[in-house]
Amino acid sequence: MYLDFHTHGKLAKYLPFSTEYTDWLLGEAKAAGLDAICLTEHFNTQQFDTLYGYIAARGEKAGDAFVFEEMGGLKVFPGMETDIAEGGHVLCAGPMEAIREMNRRLAPHKTRDAFLPAAELFALFDEYPVLVGAGHPFREGGHIPELPRELQDRFDFLDLNGKDIAEDCARTEELTFGLGKELGKPVVAGSDTHQAVQYGCIRTCFEHDFDTFEAMKAEIGAGRYSICIHPDAAFKVKTAGLLKRALKEIHALGGDYVSVLLRSGGESPAVLAAKRAAV
């Protein structure tokens, strides 16, 4: 089973939620060869609860996952990406009810001057049956590797991030796997995509299928998986970045970026232009 541990359901935090855009993302995830994703939307995105309510309503619940049969049976595991006061992002994945409730409790801490320190965020996570991951731990501006060891030990996994792999594969692998070895923590893969071109740049291949977080944790702990990096990962990520900027500019100019994107099945002028620019 191919799973992406780090994905987003919106183009950007400040943009309104769009059912059409999210549906496009889910369909493209399956088309990119994924069987499942962890939807780890930013905890302070606009309409967080609306997005997750949509996933819960549209998907068919199976275990802890939500299955989208019209998207080829893609499984969506709920999750969240949260900023910490020290600098850096912490991923979590768990039951839908837990994710939505935690997000509501984090409402007072969604601005930069109010982010929770890591210790307080972990205390919140301890109240829920969630897996906790270090998101792109070596990205500039983050300080997860500098956290006290007792806090680093509370991570369940580290994120080998597609965006960072595309920028410097050797460095990202060396540092992430090095920290994983030091802490005795598994490393899994996530694309960090906000739009579909980036899907598949990196993915985690599990030997067995599953639909619960209990099974996910067991498979990760047993090491029954491998990480696959696409040979064109750098191209996919660069193209994705260009497309994201183009679509945000369309929105800023008052246009409907979703309709532009979905014209001709996603091969809109914006998509084609981004691909040409990335060559």
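## Aromatic pairs in a predicted model

Phenylalanine 155 is buried in this predicted model, at 1% relative accessibility. The cut-off for that label is under 20% relative accessible area. Phenylalanine 77 is also buried, with a relative accessible area of 0%, and so is phenylalanine 213, at 5%. Phenylalanine 122 has a relative accessible area of 3% and is buried too.

These residues take part in ring pairs. Across the whole structure, a search finds twelve aromatic pairs. Two of them are set out below.

| Pair | Geometry | Centre to centre | Angle between planes |
|---|---|---|---|
| Phenylalanine 77 and phenylalanine 213 | edge-to-face | 5.4 Å | 65° |
| Phenylalanine 122 and phenylalanine 155 | edge-to-face | 5.2 Å | 75° |

What does the pair of phenylalanine 77 and phenylalanine 213 tie together? Phenylalanine 77 belongs to strand β5 (residues 74-83) and phenylalanine 213 to helix α8 (residues 213-222), so the pair ties together parts that are 136 residues apart in sequence.

The pair of phenylalanine 122 and phenylalanine 155 links distant parts of the chain as well, 33 residues apart. Phenylalanine 122 lies in helix α4 (residues 118-125), while phenylalanine 155 lies in the loop between α5 (149-152) and β8 (157-161).

Phe77 and Phe213 also belong to a cluster linked by ring pairs.

A charge over a ring is found elsewhere: the charged end of arginine 203 sits over the ring of tyrosine 2, at 3.7 Å from the ring centre.

Key: Residues numbered from 1 in each chain as written. Predicted model: local features only at pLDDT ≥ 70, side-chain atom pairs only at ≥ 80, totals over all residues. Heavy atoms only, no water. Phe/Tyr/Trp six-rings, centres within 6.5 Å; stacked < 30°, edge-to-face > 60°. Helix = DSSP H or I, 4+ residues; strand = E, 2+ residues; numbered from the N terminus. Buried < 20%, exposed > 50% of the residue type's maximum accessible area, 1.4 Å probe, protein only. Lys NZ or Arg CZ within 6 Å of the ring centre and 35° of its normal.
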